[in-house]
Amino acid sequence: MDQAEFERLVCAANRSLWLTAYGFLGDRHLADDAVQEAVMIAWTKRDRFEAGTSFTAWTAQIVRHVASNMRRRKIKHRQDTSPFTDQVPARPTPPRPQLAQPRELPNADEAGFDDSVLAALSALEPVARACLLLRTVRDHTYDEIARLLDIPASTAMSHVHRSRQRMRRHLADHHDTSAARPRPQTA
């Protein structure tokens, strides 16, 4: 596979790969990083890709592995605490370049964005969140989701169904508690 063909396939798969990474990580910036790292790995292993199979599913498997490793590092980082304090030791963070992001999910600071929807989405388990995003945002079939996440189609269907129920419950509960609070008056 030459570079032009590889780039074409990556562009066609990009949004599904990003939603898969976001589903596993729950963080935009980490999802960007995971997809970028996975694409670099895919490029170096492109000779292992079997022609006639799904490039998106093959690359999504790499995304899942990268995202899983990132989650483990993130959890381990949270557990590494200083012996003198309960705080996680501060580590300098390098500046992040502004990358073009897929626009399926709005930024939390955009006008009109409902924080409770993001909270409900964040409360889902990673695989369930990935299934829900791939189904509702990209309109993938359950068979496609199954191939992307390497799970049975029936499991993908169950994840989507249960995730929708959990989000409805979370949003209904949030609506009930926010309706009970008095709203601040503006002049």
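Rings of Phe, Tyr and Trp, the last represented by its six-membered ring, are taken to pair if their centres lie within 6.5 Å. On this criterion, a search of the whole structure, which is a predicted model, returns 6 aromatic pairs. One of these joins W18 to Y22 in a stacked arrangement, with 5.4 Å from centre to centre and 20° between the planes. Both residues belong to helix α1, where a separation of 4 residues places them about one turn of the helix apart, and W18 and Y22 are each buried.

A further pair, formed by F49 and W58, is tilted, with a centre-to-centre distance of 5.4 Å and an angle of 55° between the planes. F49 counts as buried because its relative accessible area is 15%, and W58 is likewise buried, at 17%. F49 and W58 also belong to a cluster in which ring pairs link them with F6, W43 and F55.

The largest nonpolar core comprises 43 residues, of which F55, L121, C131, I145 and L149 touch the most other members. Two or more residues are contributed to this core by each of α1 (3-25), α2 (28-44), α3 (55-79), α4 (115-122), α5 (126-136), α6 (142-149) and α7 (153-180), and the greatest contribution, 11 residues, comes from α1. When neighbours within four places in sequence are set aside, L149 is in contact with T20, F24, R64, V127, A130, C131 and L134.

Key
Residues are numbered from 1 along each chain as its sequence is written. This is a predicted model: local features need pLDDT of at least 70, side-chain atom pairs count only at pLDDT 80 or more; totals for chains, interfaces and linings use all residues. Side-chain values use heavy atoms; hydrogens and water are left out. A nonpolar core is a set of buried Ala, Val, Leu, Ile, Met, Phe, Trp, Tyr and Cys residues joined through side-chain atoms within 4.5 Å. Buried means under 20% relative accessible area, exposed over 50%, partly exposed in between (1.4 Å probe, protein chains only). Contact means heavy atoms within 4.5 Å. Rings of Phe, Tyr and Trp (its six-membered ring) pair if their centres lie within 6.5 Å; planes under 30 degrees apart count as stacked, over 60 as edge-to-face and the rest as tilted.
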